[in-house]
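My notes are kept in the order in which I looked things up.

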Amino acid sequence: MESQLNDMLKQAFAEATKLYQDRGFQRRVGFGKKPALINVDLANAWTRPGNPFTCEKIDDEIIPGVQRLLKACRENNHPVIHVTTCYQVTDRKNPHTDMGLWHNKIPVDVVNQEDENIWAIDSRIAPIAGEQVLIKKRASSFHGTYLAGFLRAAGVDTILVTGVTASACVRTTLCDGLAEGFRTIAVRECIGDRVPGAVEWNLFDIDAKFADVESVDRCVDYLYSMKG
């Protein structure tokens, strides 16, 4: 089933690439001079098994890739922002909930702020002193947060984005990041989702419109080439 889906996606991508390129899409935004790493929702509710938000390829691809990126950032003094999601009022009947109306679509009510373990950053990529831990309430890491201001104050012009999910929080973070004036880089092997085909299709479309999709190898090389 997955093999058939991948074959269908490759065919769709080939046709879409021609259409996009004929119309001037798939341009490059490129790497800038001052990078930051943004890890989106790589917290236990998404990275550990048994949760409604659990994603695929966490252990074998995403965590090892992010560990490499973190090492490169820490050795070169690049800013790191760990983003997670949780809510103070998870009673779906309470009109004053900070979940907004999102709980009418997905089970965000399970991510209660009182249960720190569920929204804590995965211990394998845990923040160290000096790294930001940002709590968001919506899909995008920029929506209603201090992220853009923090990045501008640090002189950042390029954001490398990892995390989950490709179809929602990663995608909207990249879209808003570009809108905020940052060079947006999606790290291919470090982005995941829950359903077959979601990563492949979203990264293809993101690369055409909102960010450059680059390999973790190239991103690591870039981070080492820039001195913070």
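**Entry 1: a helix pair**

I noted at the start that this model is predicted. I looked up helix 3, residues 58-76, and helix 8, residues 216-225; they pack with their axes 9 Å apart and at an angle of about 10 degrees. Angles under 35 degrees count as roughly parallel, and helix 3 and helix 8 are therefore roughly parallel to each other. I then listed who makes the contact: from helix 3 the residues include Gly65, Arg68, Leu69 and Lys71, and from helix 8 they include Val216, Asp217 and Cys219. Sorted by class, this contact of helix 3 with helix 8 has 8 nonpolar, 4 charged and 2 polar residues.

**Entry 2: salt bridges**

I took the count of salt bridges, which comes to 15. I went through some of them one by one.

Asp207 forms a salt bridge with Arg28, and their closest N and O atoms are 3.0 Å apart. I checked where the two sit: Asp207 is in helix 7 (residues 198-209), while Arg28 is in the loop between helix 1 (2-22) and strand 1 (35-40). They are 179 residues apart, so I wrote down that the pair links distant parts of the chain. Asp207 has a relative accessible area of 17% and is buried because the cut-off is under 20%. Arg28, at 44%, is partly exposed.

Next I looked at Lys209 and Asp205, whose side chains meet in a salt bridge at 3.1 Å, N to O. Both lie in helix 7, 4 residues apart, which is about one turn of the helix. Lys209 is partly exposed, with a relative accessible area of 37%, whereas Asp205 is buried at 6%.

Glu214 and Arg218 also meet through their side chains in a salt bridge, 3.1 Å from N to O. I found Glu214 buried, with a relative accessible area of 11%, and Arg218 partly exposed at 46%.

**Entry 3: helix 6**

Which residues of helix 6 are buried? In this helix, residues 169-179, I listed Cys169, Val170, Arg171, Thr173, Leu174, Cys175 and Gly177. I then asked what covers the buried residues of helix 6. The cover includes strand 1, strand 3 (132-136), strand 4 (158-164), strand 5 (183-192) and helix 7. Just after helix 6, I noted that Gly181 takes a positive phi of about 100 degrees.

**Entry 4: aromatic rings**

I counted the aromatic pairs, and there are 8. Tyr20 and Phe204 form a tilted pair, 6.0 Å centre to centre, with 35 degrees between the planes. Tyr20 is in helix 1 and Phe204 in helix 7, 184 residues apart, and their pair links distant parts of the chain. Both Tyr20 and Phe204 are buried.

Phe31 and Tyr222 form another aromatic pair that is tilted, at 4.2 Å centre to centre and 35 degrees between the planes. I placed Phe31 in the loop between helix 1 and strand 1, and Tyr222 in helix 8, 191 residues apart. Phe31 is partly exposed, with a relative accessible area of 21%, but Tyr222 is buried at 7%.

How values were computed: Residues are numbered from 1 along each chain as its sequence is written. This is a predicted model: local features need pLDDT of at least 70, side-chain atom pairs count only at pLDDT 80 or more; totals for chains, interfaces and linings use all residues. Side-chain values use heavy atoms; hydrogens and water are left out. Axes are lines fitted to C-alpha atoms, for helices over the stretch in contact, and angles run from 0 to 180 degrees between N-to-C directions. Angles under 35 degrees count as roughly parallel, over 145 as roughly antiparallel, 65 to 115 as roughly perpendicular and the rest as oblique. Contact means heavy atoms within 4.5 Å. Ala, Val, Leu, Ile, Met, Phe, Trp, Tyr, Cys and Pro count as nonpolar, Asp, Glu, Lys and Arg as charged, and the others, Gly among them, as polar. A salt bridge is a side-chain nitrogen of Lys or Arg within 4 Å of a carboxyl oxygen of Asp or Glu. Buried means under 20% relative accessible area, exposed over 50%, partly exposed in between (1.4 Å probe, protein chains only). Rings of Phe, Tyr and Trp (its six-membered ring) pair if their centres lie within 6.5 Å; planes under 30 degrees apart count as stacked, over 60 as edge-to-face and the rest as tilted.
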